[in-house]
Amino acid sequence: MASKVDKSTPATGSPADLKEKKKERILDLSRYMDKLIRVKFTGGREAAGILKGYDPLLNIVLDNTVEYLRDSEDSFKLSEDTRQLGLVVCRGTAVVLICPADGMEAIPNPFIQPE
């Protein structure tokens, strides 16, 4: 004998349950649309540009992009030299850090124990 299956509600729960389970994004890039942001990539490259678009995988589109070049003597330091790149599509898997270009400040590490 076959059992009856109720198809009126989805298997995941009621629509009210789905609204409660909706995931929040950790990084809301919509706040930075059409604003200047700075991006650091794996491998040490850094660039700044105006955020024109993004997707859930963190692929981003930057306009008027400027790349900050590394010092030829010390590859861990940025030099004063820059390079104009224009419109750039940045792959999300290479993005390490995204921050607004204005209003950024360094804070002390809260996990360091005082001696």
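Predicted model: local features only at pLDDT ≥ 70, side-chain atom pairs only at ≥ 80, totals over all residues.
Okay, quick definition before anything else: when I say buried, I mean under 20% relative accessible area, with exposed over 50% and partly exposed in between, using a 1.4 Å probe and protein chains only. By that cut-off Gly-92 is buried, at a relative accessible area of 11%.

Residues are numbered from 1 along each chain as its sequence is written, and side-chain values use heavy atoms, with hydrogens and water left out.

Let's start with the sheet. Strands, labelled E, are DSSP runs of at least two residues, numbered from the N terminus, and two of them pair if DSSP finds at least two bridges between them. Here five strands make an open, antiparallel sheet, and the order reads E4-E3-E2-E1-E5. At the edges sit E4 (78–90) and E5, each pairing on one side only. From one strand to the next the twist averages 30°, taken between N-to-C directions of lines fitted to C-alpha atoms, on a scale from 0 to 180 degrees.

Zooming in on one pair: E1 (residues 36–41) and E2 (residues 46–54) run antiparallel and are joined by five bridges. Leu-36, for example, has Ile-50 in E2 as its bridge partner.

Next, Thr-65, which is in E3 (residues 60–70). Is Thr-65 buried or exposed? Buried, because its relative accessibility is 1%. Contact here means heavy atoms within 4.5 Å, and beyond four places in sequence Thr-65 touches several residues, including Ala-47, Ala-48, Gly-49, Arg-83 and Val-88. A polar atom of the Thr-65 side chain also lies 3.3 Å from the backbone oxygen of Leu-62; the limit for a polar contact is 3.5 Å between N or O atoms, one able to donate a hydrogen and the other to accept it, and residues adjacent in sequence count only if both atoms are side-chain atoms.

Back to Gly-92, in the loop between E4 and E5. Setting aside neighbours within four places, Gly-92 is in contact with Leu-57, Leu-58 and Asn-59. Its C-alpha is 8.8 Å from that of Asp-55, 37 residues apart along the chain.

Last, the cysteines. Cys-90 is buried at 5%, and Cys-99, in strand E5 (residues 95–100), is buried at 11%.

Technical notes: Helix = DSSP H or I, 4+ residues; strand = E, 2+ residues; numbered from the N terminus.
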